[in-house]
Amino acid sequence: QVRLAESGGGLVQAGGSLRLSCAASGLTFSNFAMGWFRQAPGKEREFVATISRSSGNTYYADSVKGRFTISRDNAKNTVYLQMNSLKPEDTAVYYCAARFSGYSDDYHQYAYWGQGTQVTVSS
């Protein structure tokens with residue numbers, strides 16, 4: 001069974017940092033583009049960042065560009081999201097997702113999802 005397990009969420013003050021991790025099992029990790037999405041209460045799930053299979057390309061939502069960094073370690077089957085300069089509007093449940101082959105900013109295109117980890121940014 002494919003499993004994606006996020007960790008690293010928590011409560012942080014505005015301006016602070018968090019590093020999310022997502023450990024994958026049950027798939028050939030290097031064959032999948034990975035993405036991070038988030039969903040705040042009452043809002044649709046939104047794209048945050050994605051990374052290509054071999055780390056050659058990364059793409060970010062405009063709202064997080066320059067503050068967040070996505071990376072992956074294929075030897076550890078893990079993708080990361082480093083979040084700096086956090087803002088209250090970053091508060092959401094953050095989900096890790098896997099898509100076979102190429103990247104996408106559309107959550108419908110991702111086949112596998114983690115359980116989510118809560119990020120709360122206080123003002």
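**Entry 1: the nonpolar core**

I began with the largest nonpolar core of this predicted model. I found 34 residues in that core. I then looked up which of them touch the most other members, and the list reads M34, W36, V79, L81, M83 and Y94. Next I noted the elements that give two or more residues to the core: strand 3 (18-25), strand 4 (32-39), strand 5 (46-51), strand 7 (68-73), strand 8 (78-83), strand 9 (92-100) and strand 11 (117-122). Which strand gives the most to this core? I found that strand 9 does, with five residues. For background I wrote down that nonpolar side chains tend to be buried together in soluble globular proteins.

Strand 7 and strand 8 run antiparallel and are joined by six bridges. Within this pair I found D73 opposite T78 of strand 8.

**Entry 2: T78**

I stayed with T78, which lies in strand 8. Is T78 buried or exposed? With a relative accessible area of 10%, T78 is buried, because the cut-off for buried is under 20%. I listed its contacts, leaving out residues up to four places away in sequence: T78 touches S21, C22, A23, F29, S71, R72 and D73. D73, the residue opposite T78, is therefore also on the contact list. I also noted that the side chain of T78 reaches the backbone oxygen of K76 at 2.8 Å.

**Entry 3: two residues with positive phi**

I looked up backbone angles next. Most residues other than glycine have a negative phi. N77 is not a glycine, yet I read a positive phi of about 55° for it. N77 lies in the loop between strand 7 and strand 8.

Where does S85 lie? I found S85 in the loop between strand 8 and strand 9. With a relative accessible area of 41%, S85 is partly exposed.

**Entry 4: R67**

I moved to R67, in the loop between strand 6 (58-60) and strand 7. R67 has a relative accessible area of 11% and is buried. Which residues does R67 touch, not counting residues up to four places away in sequence? My list has Q82, M83, N84, S85, L86, K87 and D90.

**Entry 5: salt bridges**

I counted four salt bridges in the structure. Side chains of opposite charge can pair when their charged atoms come close.

D90 lies in the loop between strand 8 and strand 9 and R38 in strand 4, so the pair ties together parts that are 52 residues apart in sequence. Both D90 and R38 are buried.

I next checked K65, which forms a salt bridge with D62, the closest N and O atoms being 3.2 Å apart. Are K65 and D62 buried or exposed? Both K65 and D62 are exposed.

I then went back to R67, whose side chain meets that of D90 in a salt bridge (2.8 Å, N to O). R67 lies in the loop between strand 6 and strand 7 and D90 in the loop between strand 8 and strand 9, so this pair ties together parts that are 23 residues apart in sequence. For D90 I read a relative accessible area of 1%, which is buried. Which residues are joined into one network? Through salt bridges that share partners, R38, E46, R67 and D90 form that network.

Key
Residues numbered from 1 in each chain as written. Predicted model: local features only at pLDDT ≥ 70, side-chain atom pairs only at ≥ 80, totals over all residues. Heavy atoms only, no water. Core = buried A, V, L, I, M, F, W, Y, C linked by side-chain atoms within 4.5 Å. Buried < 20%, exposed > 50% of the residue type's maximum accessible area, 1.4 Å probe, protein only. Helix = DSSP H or I, 4+ residues; strand = E, 2+ residues; numbered from the N terminus. Pairing = 2+ DSSP bridges. Contact = heavy atoms within 4.5 Å. Polar contact = N/O pair within 3.5 Å; in protein donor to acceptor, adjacent residues only side chain to side chain.
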